[in-house]
Amino acid sequence: MNGTAVTVETRPDGTLIIHPGGQLDADRAVELRRTIVHAVRRVRPLRLVVDLRDLHDLDAINLGTLAAACQLGDDHQVAVFLDYCCPTSAERLTAAGVPGHRLRHTAPAA
């Protein structure tokens, strides 16, 4: 899909990596949500990693999507991890109910 903000890759060990990038505004939030729900419900990898390193901002819609992804993964026996989010986003995700062990490779707040 041209101009997409979300890419997906599968590692040799079966881990599925979802990589949102740039500015995920309300229009692109639907794409992220659909990608995550499809991965958890249909693909059902053992591990799903959402790599947030290139995400410029995390609005409330996408914050809720990522928090819900962890719960959906638990319901479908898919381990969901959120990697490389900035300290501010990590705090907001934790406040939204994301368990700390789901946040990996996050720099400590300054």
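Modeller: The questions and answers below concern a predicted model.

Colleague: In what order do the helices and strands of the protein chain follow one another from the N terminus on?

Modeller: The protein chain holds 3 helices and 7 strands. Read from the N terminus on, these elements give the order β-β-β-α-β-β-α-β-α-β.

Colleague: What radius of gyration does the protein chain have, and what would a compact globule with 110 residues have?

Modeller: Along the principal axes, the C-alpha atoms of the protein chain fill a box of roughly 35 × 30 × 25 Å. Of the 110 residues, 43% count as buried. A compact globule with 110 residues would have a radius of gyration near 13 Å, so the value for the protein chain agrees with that expectation: 13 Å.

Colleague: What share of the contacts with a separation of 6 or more comes from residues 24 or more positions apart?

Modeller: The count takes in contacts in the protein chain with a separation of 6 or more. Within that set, residues 24 or more positions apart account for 61%.

Colleague: Which strands are the edge strands of the open sheet?

Modeller: The open sheet has 5 strands in the order E1-E2-E4-E6-E7, and its pairing is mixed. An edge strand here pairs on one side only, and this holds for E1 (6-10) and E7.

Colleague: Do E1 and E2 pair in the parallel or the antiparallel sense?

Modeller: Strands of a sheet pair through backbone hydrogen bonds, in either of the two senses. E1 and E2 are joined over 5 bridges, and the sense is antiparallel.

Colleague: Which residue in E4 stands opposite Leu-16?

Modeller: E2 and E4 run parallel and are joined by 3 bridges. E4 is mostly covered, with 4 of its 5 residues buried. The residue in E4 that stands opposite Leu-16 is Leu-48.

Colleague: Which residues in E6 are the bridge partners of Val-50 and Asp-51?

Modeller: Strand E4 (residues 47-51) runs parallel to E6, and 5 bridges join the two. Strand E6 (residues 79-83) is itself mostly covered, since 4 of its 5 residues are buried. The bridge partner of Asp-51 is Asp-83, and that of Val-50 is Leu-82.

Colleague: Which hand does the β-α-β unit of E6, H3 and E7 have?

Modeller: E6 and strand E7 (residues 103-104) run parallel and are joined by 2 bridges. In this pairing Leu-82 stands opposite Leu-103. With helix H3 (residues 87-95) between them in the unit, E6 and E7 make a β-α-β unit that is right-handed.

Colleague: Which element gives the most residues to the largest nonpolar core?

Modeller: The largest nonpolar core has 28 residues, and Ile-36, Leu-48, Leu-66, Leu-82 and Leu-93 have the most contacts inside it. Two or more residues come from each of strand E2 (16-20), helix H1 (26-43), E4, helix H2 (60-75), E6 and H3. With 6 residues, the element that gives the most is H2.

Colleague: Which residues does Ile-36 contact, leaving aside its neighbours within four places in sequence?

Modeller: Ile-36 is among the residues with the most contacts inside the largest nonpolar core. Leaving aside neighbours within four places in sequence, Ile-36 is in contact with Ile-18, Leu-48, Val-50, Thr-65, Leu-66 and Ala-69.

Colleague: Against which elements do the buried residues of H2 pack?

Modeller: At 1.5 Å a residue, the 16 residues of H2 should span 22 Å, and the end C-alpha atoms are 23 Å apart, which agrees. The buried residues of H2 include Leu-63, Leu-66, Ala-69, Cys-70 and Gly-73. Just after H2, Gln-77 takes a positive phi of about 55°. The buried residues of H2 pack against H1, E4, E6 and H3.

Colleague: Is Arg-102 buried or exposed, and what is its relative accessible area?

Modeller: Arg-102 is found in the loop between H3 and E7. Not counting residues up to four places away in sequence, Arg-102 touches Cys-70, Asp-74, Ala-79, Val-80, Phe-81 and Leu-82. Arg-102 and Asp-74 are 28 residues apart in sequence, and their C-alpha atoms are 11 Å apart in space. Because buried means under 20% relative accessible area, Arg-102 counts as buried, with a value of 8%.

Definitions and conventions
Residues are numbered from 1 along each chain as its sequence is written. This is a predicted model: local features need pLDDT of at least 70, side-chain atom pairs count only at pLDDT 80 or more; totals for chains, interfaces and linings use all residues. Side-chain values use heavy atoms; hydrogens and water are left out. Buried means under 20% relative accessible area, exposed over 50%, partly exposed in between (1.4 Å probe, protein chains only). Two strands pair if DSSP finds at least two bridges between them. A crossover is right-handed if, with the strands pointing away from the viewer, the path from the first strand over the helix to the second runs clockwise. A nonpolar core is a set of buried Ala, Val, Leu, Ile, Met, Phe, Trp, Tyr and Cys residues joined through side-chain atoms within 4.5 Å. Contact means heavy atoms within 4.5 Å. The expected span of a helix is 1.5 Å times one less than its number of residues. The radius of gyration is taken over C-alpha atoms; the globule rule is 2.2 Å times the number of residues to the power 0.38.
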